[in-house]
Amino acid sequence: MAEEIRPIRRIGILTSGGDAPGMNAAIRAVTRMSIANGIEVLGIMHGFAGLISNDFRTLSARDVDGLLMKGGTMLYTARCQEMHDPEFRQRAADNCHFLGIDGLICCGGDGTFRGARELSRLGVPCICITGTIDNDISCTDYTIGFDTACNTAISAIDRLRDTMQSHARCSVVEVMGRHAGHLALAVGTSVGAASILVPEDAGNFETDVIEKIRMGRINGRNHHIIIVAEGYHMSCQEVTDRIIAETGVDTRITILGHVQRGGSPSSYDRVMATRMGCAAVEALIDGKSQRIIVLRDNQIMDIDIEEGLNCEKSLDLELLENCRKMSI
Ligand code: F6P
């Protein structure tokens with residue numbers, strides 16, 4: 001006999017880890033899709049910390065009006081160290097049961113998935129949505145926020161280029177991405193950077209940076225944009241010092257920092273957040289637990305959290321190599 005699916009009457013939603021543009025759009029999608037299916041929604045404040053401290057609010061369809069286009073997350077977010085402690089995890093699960101939460105949707109990155117996996121094991125059905133500007137989650141082609149962050153960085157660098165060109169300078173720009181170079185590669189490709197420095201490929205500084213600048217000058221290029229991923233093995237200062245010492249070119253540093261995490265989500269992020277948010281609610285209704293909603297070959301699907309945490313995501317090294325070749 002087929003196992004009976006427990007009806008979902010109330011769900012919780014939380015955002016966790018670094019915020020990303022589009023998280024609000026996901027909250028809206030989850031709220032509206034749930035209510036459309038007769039399910040109540042509780043917004044858990046400050047990520048898993050709100051589950052531990054019972055900090056929540058009910059969400060109505062009207063509460064999420066005008067949210068689609070807002071950056072950040074209306075539920076606040078946090079990196080909750082207490083979730084590493086079994087005692088606090090149990091408290092979070094007990095609170096879910098006490099609040100009548102039949103399923104929990106967690107939007108964030110790897111750390112969020114681990115928290116959700118533990119709560120699933122404690123009997124709280126959890127579905128994750130991938131949200132981080134880093135796009136470094138191995139099991140999915142896309143994480144909510146990446147496209148907006150790329151566009152934000154690109155428009156800042158386009159402005160930088162104007163002034164670098166006017167002064168015939170070199171610009172060393174640090175972009176986020178934690179330990180991964182996906183953001184740096186996408187941004188570097190989009191702005192036609194002279195060099196893109198990422199943690200996944202140490203490259204050869206002499207040929208990839210110094211020679212590019214020297215040859216560029218000989219070939220009539222008077223300015224250069226060097227993109228450095230924050231996880232690259234040299235800091236922006238070290239990169240800059242070497243450029244000045246070896247080429248004598250006037251060089252300035254720009255660290256884009258948290259600017260990249262803010263702003264109204266792009267159309268792509270709004271659509272992805274909506275697709276993933278709706279899929280998360282449907283997964284709970286279908287009786288699923290311990291799953292991550294992912295994008296693969298433009299198809300939305302769900303996979304087991306454990307499987308998701310064990311995948312490996314590689315950088316598009318072919319694109320990186322082609323960018324190097326085109327930097328002439
Ligand atoms: O994971 C998103 C991210 O913005 C990374 O790119 C960056 O390394 C990190 O978060 C910064 O974290 P925080 O906001 O805690 O400084």
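On a 1 Å grid over the protein atoms alone, a cavity is a set of points where a 1.4 Å probe fits but cannot get out, and a pocket is an open set with protein on both sides within 12 Å along at least five of seven lines; lining residues have an atom within 4 Å of a point. Grid points are joined across faces, edges and corners, and a volume is the space filled by probe spheres set on the points. The model is predicted: local features need pLDDT of at least 70, side-chain atom pairs count only at pLDDT 80 or more, and totals for chains, interfaces and linings use all residues. Residues are numbered from 1 along each chain as its sequence is written, and side-chain values use heavy atoms, with hydrogens and water left out.

By this rule there is one cavity of 30 Å³ or more. The largest cavity holds about 40 Å³ of space. Its lining consists of Ala 193, Ala 194, Ser 195, Ile 196, Asp 208, Lys 212, Leu 320, Cys 323 and Arg 324. Strand E7 (195-197), helix H7 (205-218) and helix H11 (317-326) each give two or more residues to this lining (helices, H or I, of at least four residues and strands, E, of at least two are DSSP runs, numbered from the N terminus). H11 supplies the largest share, three residues. By class, five lining residues are nonpolar, one is polar and three are charged (Ala, Val, Leu, Ile, Met, Phe, Trp, Tyr, Cys and Pro count as nonpolar, Asp, Glu, Lys and Arg as charged, and the others, Gly among them, as polar).

The largest pocket has a volume of about 730 Å³. It is lined by 35 residues; Arg 79, Gly 109, Asp 110, Gly 111 and Thr 112 lie nearest its centre. Helix H4 (residues 110-121) contributes the most to this lining, with seven residues. The lining has nine nonpolar, 13 polar and 13 charged residues.

Ligand oxygen atoms lie 2.6 Å from a polar side-chain atom of Arg 79 and 2.7 Å from a side-chain N or O atom of Asp 134. Taken alone, the ligand exposes 400 Å², and the protein buries 76% of that (Shrake-Rupley method, 1.4 Å probe).

Conventions: Polar contact = N/O pair within 3.5 Å; in protein donor to acceptor, adjacent residues only side chain to side chain.
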